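Please read it with the structure open.

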Amino acid sequence: MARNAKINQSKQKKKIKFEISVGIFLFRREKGKCLWLLLHYPAGHWDFIKGHIEKNEKIEETIRREVLEETGIKSFKIIPHFQKTLDYWFNNKRYTGEDEMVHKKVIFLLGETKEKKIQISLEHLEGGWFTTEETLKTLTFNNVKKYFLQAVAFLKKSGIYQNKQNAKE
């Protein structure tokens, strides 16, 4: 019993933070292919656009603000009926220097833009447009790859993702 008490006490000492973010699988079409926008984060990973929900902000307001801030893209449409929530834990020490556990939820939407030019914010090292195959190779986290594949399947099923390269992608 005493051993369990010590374990619980040590767990209680570490701060726990809860965060909710909104992300987007953003694509554009070029020469019959879907190209996906990925960002290279300073921590070393490649991921989609995402950011924290600010006070009194709705999900769509958050993602529109984040897309503009992080990429300079002003115009895109959100594809209806697709939303996935990713739920995970991580230690914030690597990112902020503070030894705290973070329970994070990211609500992923799906969107399409016609804008090709991107202006990457100072929050990121670089960014670019990738084919579906390149996106799967470049993405760092498997849990994001899983939901990305669900987004691609959703587009195929809805008829949005139709081109001659489907078999290759």
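1. Aromatic pairs in this predicted model number 10. In one of them, phenylalanine 25 and phenylalanine 48 have ring centres 4.7 Å apart and planes at 90°, so the pair is edge-to-face. Phenylalanine 25 belongs to strand S1, whereas phenylalanine 48 sits in the loop between strand S3 (46–47) and strand S4 (49–52), so the pair ties together parts 23 residues apart in sequence.

2. Both partners have their burial on record here: phenylalanine 25 counts as buried at 0% relative accessibility, and phenylalanine 48 is buried with a relative accessible area of 0%. Ring pairs also link Phe25 and Phe48 into a cluster with Phe27, Trp36, Phe82, Phe108, Phe148 and Phe154.

3. Two charged residues lie over ring faces. Lysine 50 is over the face of tyrosine 41, at 5.1 Å from the ring centre. Arginine 64 is over the face of phenylalanine 76, at 4.5 Å from the ring centre.

4. Arginine 28 is part of strand S1 (residues 15–30). Its relative accessibility is 5%, so arginine 28 counts as buried, the cut-off being under 20%. Its side chain makes a polar contact of 2.8 Å with the side chain of glutamate 30. Beyond neighbours within four places in sequence, arginine 28 is in contact with residues including Lys33, Thr113, Glu115 and Trp129.

5. For the protein chain as a whole, there are 5 helices and 8 strands, in the order α-β-β-β-β-α-β-β-α-β-β-α-α from the N terminus. Of the 169 residues, 41% are buried. Among contacts between residues at least 6 apart in sequence, 68% join residues at least 24 apart.

Conventions
Residues are numbered from 1 along each chain as its sequence is written. This is a predicted model: local features need pLDDT of at least 70, side-chain atom pairs count only at pLDDT 80 or more; totals for chains, interfaces and linings use all residues. Side-chain values use heavy atoms; hydrogens and water are left out. Helices (H or I, at least four residues) and strands (E, at least two) are DSSP runs, numbered from the N terminus. Buried means under 20% relative accessible area, exposed over 50%, partly exposed in between (1.4 Å probe, protein chains only). A polar contact is a pair of N or O atoms within 3.5 Å; within protein, one must be able to donate a hydrogen and the other to accept it, and residues adjacent in sequence count only if both atoms are side-chain atoms. Contact means heavy atoms within 4.5 Å. Rings of Phe, Tyr and Trp (its six-membered ring) pair if their centres lie within 6.5 Å; planes under 30 degrees apart count as stacked, over 60 as edge-to-face and the rest as tilted. A charge sits over a ring if NZ of Lys or CZ of Arg is within 6 Å of the ring centre and within 35 degrees of the ring normal.
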